Amino acid sequence: MDSELIRRYNYDEFVKEKFAPWMRFDQSPPLGILAPDFPLLHLDGTETTLSELWSKSSFLIIEFGSFT
Amino acid sequence: MNEIAQRYAQENVASIFLYTHEAHPGENYPHLTSMEQKLRHAHDLRVKIGVERPILVDSLDGACHRAYGSNPNMSWIISNSGIPVYKSDWTDAGSVESAIAYLIDVLKRRRNGERLAQFHVERADFRTQDHKAFYAGLERNGPKAVKEFSEAF
């Protein structure tokens with residue numbers, strides 16, 4: 001993994017020059033075409049993928065977030 | 001969002017919380033430097049803020065989060081064929097519920113033989129600004145998080 005990307009993504013302080021570059025919803029994937037798929041971990045560390053999750057139900061609601 | 005997950009589970013709707021990165025790093029929940037720490041923080045979401053849905057964890061470089069726009073509190077709805085049918089740059093339970101109720105009704109109309117054509121719509125939704133709860137979240141992360149937020153705006 002790119003250690004510099006990891007450092008920038010996991011910024012250490014909430015200052016505009018560090019958090020603003022990540023506010024890119026306007027560049028997010030469009031509706032109506034296949035969504036990008038990624039590997040994810042369950043809390044017990046087992047691996048899954050976003051596509052495995054969305055394929056199990058009629059719809060998958062995803063809330064992205066953290067403690068704040 | 002927990003209530004929506006429960007209410008629509010019987011309609012074959014799954015709900016997850018995807019842990020990303022600390023938007024407001026503080027003394028108690030600092031910025032992430034390892035997957036072990038990221039998994040620990042994700043575990044704490046269940047106890048500290050009451051997330052009852054399955055909690056999933058993104059990679060340390062936020063590959064999934066970044067690909068979907070990397071805003072701190074987005075919601076998306078994706079169909080079982082992998083097609084995004086709703087996205088919101090902020091999570092609001094009322095907005096999500098109006099969308100999922102509509103989408104479930106679309107499935108029922110199709111099952112009843114109605115011919116439907118997809119179209120694109122944009123809509124501005126409105127959320128309650130709960131400053132008290134937001135600051136409680138910052139305080140949970142630590143005094144550093146409170147200070148930096150107050151200085152940022």
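## A buried asparagine

B:Asn71 is buried, with a relative accessible area of 8%. This comes from a predicted model. So where along chain B does B:Asn71 sit? Look in the loop between helix H3 (63-67) and strand E3 (75-79) of chain B.

Leaving aside neighbours within four places in sequence, B:Asn71 is in contact with A:Trp22, A:Met23, A:Arg24 and A:Phe25, plus B:His65 and B:Asp89. For A:Phe25 there's a polar atom involved too: one on the side chain of B:Asn71 lies 3.2 Å from the backbone nitrogen of A:Phe25. A:Phe25 also has a charge over its ring, since B:Lys87 lies over the face at 5.4 Å from the ring centre, inside the 6 Å cut-off.

## Rings that pair up

Now for the aromatics. A pair of aromatic rings is described by the distance of the centres and the angle of the planes. Over all chains, the count comes to 13 aromatic pairs.

Take A:Phe64 and B:Tyr68: their ring centres are 5.8 Å apart and their planes are at 35 degrees, so this pair is tilted. A:Phe64 lies in strand E3 (residues 59-65) of chain A, while B:Tyr68 is in the loop between H3 and E3 of chain B, so the pair joins two chains. Both A:Phe64 and B:Tyr68 are buried.

B:Tyr135 and B:Phe149 make an edge-to-face pair, 5.9 Å centre to centre with 80 degrees between the planes. B:Tyr135 belongs to helix H5 (residues 131-141) of chain B and B:Phe149 to helix H6 (residues 143-152) of chain B, so the pair ties together parts 14 residues apart in sequence. B:Tyr135 is partly exposed, at 29% relative accessible area, whereas B:Phe149 counts as buried at 17%.

Another charge sits over a ring in chain B: B:Arg127 lies over the face of B:Trp90, 4.3 Å from the ring centre.

## Helix H2 of chain B

How far apart are the end C-alpha atoms of helix H2 (residues 35-48) of chain B? They are 19 Å apart, which agrees with the 20 Å that its 14 residues should span at 1.5 Å a residue.

Buried in H2(B) are B:Gln37, B:Lys38, B:Leu39, B:His41, B:Ala42 and B:Leu45. The buried residues of H2(B) pack against strand E1 (39-42) of chain A, along with strand E1 (13-19) and strand E2 (55-57) of chain B. After H2(B) comes B:Gly50, which has a positive phi near 75 degrees.

Key
Residues numbered from 1 in each chain as written. Chains lettered and ligands numbered in written order. Predicted model: local features only at pLDDT ≥ 70, side-chain atom pairs only at ≥ 80, totals over all residues. Heavy atoms only, no water. Helix = DSSP H or I, 4+ residues; strand = E, 2+ residues; numbered from the N terminus. Buried < 20%, exposed > 50% of the residue type's maximum accessible area, 1.4 Å probe, protein only. Polar contact = N/O pair within 3.5 Å; in protein donor to acceptor, adjacent residues only side chain to side chain. Contact = heavy atoms within 4.5 Å. Phe/Tyr/Trp six-rings, centres within 6.5 Å; stacked < 30°, edge-to-face > 60°. Lys NZ or Arg CZ within 6 Å of the ring centre and 35° of its normal. Expected span 1.5 Å × (residues − 1).
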